[in-house]
Amino acid sequence: MLRWRAWGRNDDGSAALEFITVGVILLVPFAYLVIVLGAIQEQSLGAEAAARHIARTIALSTGPESAALAADVLTAVVEEYRMDAEATDVALSCVPEGAECPTGGATLRVTVTTVVRMPFVPEMLGLDSALAVPLEATSVQKVGRGWGSG
């Protein structure tokens with residue numbers, strides 16, 4: 001009877017098992033959190049870069065023909081930062097309001113909006129849309145006075 005009680009209280013090796021079990025339970029969510037935050041950071045930097053480069057391209061161009069390069073800039077940034085091209089939208093506005101946008105001397109505001117889809121989330125039941133994070137980046141540039149002269 002004494003041997004049975006001694007065997008029942010023997011904890012040799014249980015600490016390692018507990019450490020491994022708790023470690024795996026905590027490691028998987030932590031690793032997913034790192035992956036999600038990395039994806040959000042990448043898309044955030046991409047949206048900011050798109051807004052900044054599109055605003056510079058339009059502001060430094062001499063007319064609508066050269067400003068059309070902004071579409072190429074958007075395509076390059078979307079590919080570079082692995083953004084969803086279908087979920088990325090660009091909006092232009094100018095100050096003063098009511099004037100043709102862009103026009104020489106006006107302040108151009110470029111807003112890029114996109115959606116970050118969570119990795120490893122299935123598309124079934126709309127979970128991918130429900131767990132998406134919307135992002136928006138804005139850049140402001142002064143349009144050169146030479147706009148429309150070339």
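**Exercise 1. Is Glu 42 buried, partly exposed or exposed?**

Solution. This is a predicted model, so everything below is read from computed coordinates.
- Step 1: take the relative accessibility of Glu 42, which is 21%.
- Step 2: compare that with the cut-offs, where buried means under 20% and exposed means over 50%.
- Step 3: Glu 42 therefore counts as partly exposed.

**Exercise 2. Find the partner of Glu 42 in a salt bridge, and work out which parts of the chain the pair ties together.**

Solution. 
- Step 1: look at the side chain of Glu 42, which meets that of Arg 82 in a salt bridge, at 2.9 Å from N to O.
- Step 2: Glu 42 lies in helix 2, while Arg 82 is in the loop between helix 4 (69-80) and strand 1 (89-95), so the bridge ties together parts that are 40 residues apart in sequence.
- Step 3: check the cover on the other end. Arg 82 has a relative accessible area of 62%, so this residue is exposed.

**Exercise 3. The structure holds two salt bridges. Track down the one between Arg 52 and Glu 48 and describe its setting.**

Solution. 
- Step 1: the side chains of Arg 52 and Glu 48 meet at 2.9 Å, N to O.
- Step 2: find them on the chain. Both sit in helix 2, four residues apart, or about one turn of the helix.
- Step 3: look at accessibility. Arg 52 comes out at 26%, so Arg 52 is partly exposed. Glu 48 has 35%, so Glu 48 is partly exposed too.

**Exercise 4. A search of the whole structure finds one aromatic pair. Name its members and classify the geometry.**

Solution. 
- Step 1: the rings belong to Tyr 32 and Phe 120, with 6.4 Å from centre to centre.
- Step 2: the angle between the planes is 45°. Planes under 30 degrees apart would count as stacked and over 60 as edge-to-face, so this pair is tilted.
- Step 3: Tyr 32 belongs to helix 2 and Phe 120 to the loop between strand 2 and helix 5 (127-130), so the pair ties together parts that are 88 residues apart in sequence.
- Step 4: Tyr 32 is partly exposed because its relative accessible area is 30%, and Phe 120 is exposed because its value is 70%.

**Exercise 5. Helix 2 spans residues 14-60. Locate the nonpolar surface patch that includes Leu 27.**

Solution. 
- Step 1: gather the members, which are Leu 27, Phe 30, Leu 33, Val 34 and Leu 37.
- Step 2: note the area of this patch, about 500 Å².
- Step 3: zoom in on Leu 27. Its place is in helix 2, and its relative accessible area of 53% is why Leu 27 counts as exposed.

**Exercise 6. Describe the surroundings of Thr 111.**

Solution. 
- Step 1: Thr 111 lies in strand 2, which covers residues 107-116.
- Step 2: its relative accessibility is 15%, so Thr 111 counts as buried.
- Step 3: list what Thr 111 touches, leaving out residues up to four places away in sequence: Asp 89, Val 90, Ala 91, Glu 136, Ala 137 and Thr 138.
- Step 4: with Thr 138 there is also a side-chain polar contact of 3.5 Å.

**Exercise 7. Put together an overview of the protein chain.**

Solution. 
- Step 1: count the elements, which come to five helices and three strands.
- Step 2: write their order from the N terminus, α-α-α-α-β-β-α-β.
- Step 3: of the 150 residues, 28% are buried.
- Step 4: the accessible surface is about 10,300 Å², and 62% of it belongs to carbon and sulfur atoms.
- Step 5: among contacts with a separation of 6 or more, 65% come from residues 24 or more positions apart.

Definitions and conventions
Residues are numbered from 1 along each chain as its sequence is written. This is a predicted model: local features need pLDDT of at least 70, side-chain atom pairs count only at pLDDT 80 or more; totals for chains, interfaces and linings use all residues. Side-chain values use heavy atoms; hydrogens and water are left out. Patches are made of residues with over 30% relative accessible area and no salt bridge: like charges are joined within 9 Å, nonpolar side chains (Val, Leu, Ile, Met, Phe, Trp, Tyr) within 5 Å. Accessible areas come from the Shrake-Rupley method with a 1.4 Å probe; for residues, only the protein chains shown count as cover. A salt bridge is a side-chain nitrogen of Lys or Arg within 4 Å of a carboxyl oxygen of Asp or Glu. Helices (H or I, at least four residues) and strands (E, at least two) are DSSP runs, numbered from the N terminus. Buried means under 20% relative accessible area, exposed over 50%, partly exposed in between (1.4 Å probe, protein chains only). A polar contact is a pair of N or O atoms within 3.5 Å; within protein, one must be able to donate a hydrogen and the other to accept it, and residues adjacent in sequence count only if both atoms are side-chain atoms. Contact means heavy atoms within 4.5 Å. Rings of Phe, Tyr and Trp (its six-membered ring) pair if their centres lie within 6.5 Å; planes under 30 degrees apart count as stacked, over 60 as edge-to-face and the rest as tilted.
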